Amino acid sequence: MTLRAPVKRRRVKLAPSLLSADFADIADQIRMVESGGADELHLDSMDGVFVPNLTWGMKIVKDLRKLTPLPFDCHLMIVEPERYVDAFREAGADVISFHYEATPHAHRLLRHLRSIGAKAGIAINPGTPAAMLAELAEEIDRVVVMSVNPGFGGQSFIERAIAKVTEVRALLKKRNPACEIEIDGGIGFENIERAVKAGADVLVAGNSVFGSDDPAETLREMRRRIDATPPAP
Ligand code: DX5
Ligand code: ZN
């Protein structure tokens, strides 16, 4: 009798986005998603210039840091991200993702992020082709494929993002297989299985988690569905 070794798969991470949380009750909201098994917290910083909305900066990240040991996945939707990344790191960011479209010096900034001990993330808008990442592949720890145009929670999912995850995965396969692929925007029960099958390692979910009656149970159900989904080959 031959025993087959269990198939090793990367744990797909669930990262609830605090953009849709109630900040009047943020400690409780964080406890809720912790109890639902969140792997990270996704924190969206917006500057009203790169995107038509404003959220928060380093001060809030620093204060939230006291509330939870969960890794902070900081998504910077800001122009000139190089001016602020050190401060975000000091405030407690673990992953820092800036936008490819927001700087002419993506290569330099990715290297800098690693040098300050952050995971180096780069996000691409729906209008940016995956191929743009080719020259950067070795420098990236996480690619964030935007499945909505950044700026707001609760928008509908752009289907094309699934194919883009597949393209990013193919691009990274030889050059940097350890790099994670995150998908961000409009993620919910209708598309998590497809995102995982395409090769997403991190699923960001705002409205579908915090807008549900029981965010902890929503996360547990998402986890069950992820675990029942075969990953990308
Ligand atoms: C959009 C943000 C997303 C957003 C996702 O600009 O980057 O992280 O919070 O929220 P949902 O899941 O509601 O689309
Ligand atoms: Zn985001």
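Predicted model: local features only at pLDDT ≥ 70, side-chain atom pairs only at ≥ 80, totals over all residues.

Me: Why is the contact between Asp39 and Arg11 called a salt bridge?
Reply: The criterion is a side-chain nitrogen of Lys or Arg within 4 Å of a carboxyl oxygen of Asp or Glu. The closest N and O atoms of Asp39 and Arg11 are 2.7 Å apart, so the pair qualifies. The two residues belong to distant parts of the chain, 28 residues apart: Asp39 is in the loop between helix H1 (26-35) and strand S2 (41-46), and Arg11 is in the segment before strand S1 (13-16). The structure holds 25 salt bridges.

Me: What makes Asp39 a buried residue?
Reply: Buried means under 20% relative accessible area. Asp39 has 16%, and therefore counts as buried.

Me: How do you know that Asp63 and Lys59 are about one helical turn apart?
Reply: Both residues lie in helix H2 (residues 58-65), and because they are four residues apart there, about one helical turn separates them.

Me: What makes the pair Glu180 and Lys119 a salt bridge, and which parts of the chain does the pair link?
Reply: The side chains of Glu180 and Lys119 meet at 3.2 Å, N to O, which is within the 4 Å limit, so the name applies. The pair links distant parts of the chain, with Glu180 in strand S7 (residues 180-184) and Lys119 in strand S5 (residues 119-124), 61 residues apart. Glu180 is buried, with a relative accessible area of 9%, whereas Lys119 is partly exposed, with 32%. Through salt bridges that share partners, Lys13, Glu40, Asp73, Lys119, Arg142, Glu180 and Glu182 are joined into one network.

Me: Which residues are in contact with Glu180, leaving aside neighbours within four places in sequence?
Reply: Glu180 is in contact with Lys13, Lys119, Asp141, Arg142, Val143, Asp201 and Val202.

Me: Why are S1 and S2 called edge strands?
Reply: The open sheet has eight strands in the order S1-S8-S7-S6-S5-S4-S3-S2, with parallel pairing. S1 and S2 each have a single partner strand, so one side of each is left without a neighbour in the sheet. The twist averages 20 degrees from one strand to the next.

Me: How do you know that S2 and S3 pair?
Reply: Pairing requires at least two bridges between two strands. His42 has Asp73 in S3 as a bridge partner.

Me: What makes the buried residues of H4 lie on the same side of the helix?
Reply: In helix H4 (residues 106-115), the buried residues are Ala106, Leu109, Leu110 and Leu113. They cover an arc of only 105 degrees around the axis, which means that they are on the same side of H4. Arg108 and Ser115 are exposed on the other side. The buried residues of H4 pack against H3, strand S4 (95-99) and S5.

Me: Which residues have the most contacts inside the largest nonpolar core?
Reply: Leu18, Ile122, Val143, Ile183 and Leu203 have the most contacts inside this core, which has 62 residues. Helix H5 (residues 160-175) supplies the largest share, six residues. A second, separate core of five residues includes Met46, Phe50, Met77 and Ala102. In soluble globular proteins, nonpolar side chains tend to be buried together.

Me: Why is Glu80 called partly exposed?
Reply: The relative accessible area of Glu80 is 43%, between the limits of 20% and 50%, so the residue is partly exposed. Glu80 lies in the loop between strand S3 (72-77) and helix H3 (85-91). The phi of Glu80 is near 50 degrees, a positive value in a residue other than glycine.

How values were computed
Residues numbered from 1 in each chain as written. Chains lettered and ligands numbered in written order. Heavy atoms only, no water. Buried < 20%, exposed > 50% of the residue type's maximum accessible area, 1.4 Å probe, protein only. Core = buried A, V, L, I, M, F, W, Y, C linked by side-chain atoms within 4.5 Å. Contact = heavy atoms within 4.5 Å. Arc of directions from axis to C-beta. Axes fitted to C-alpha atoms, helices over the stretch in contact; angles between N-to-C directions.
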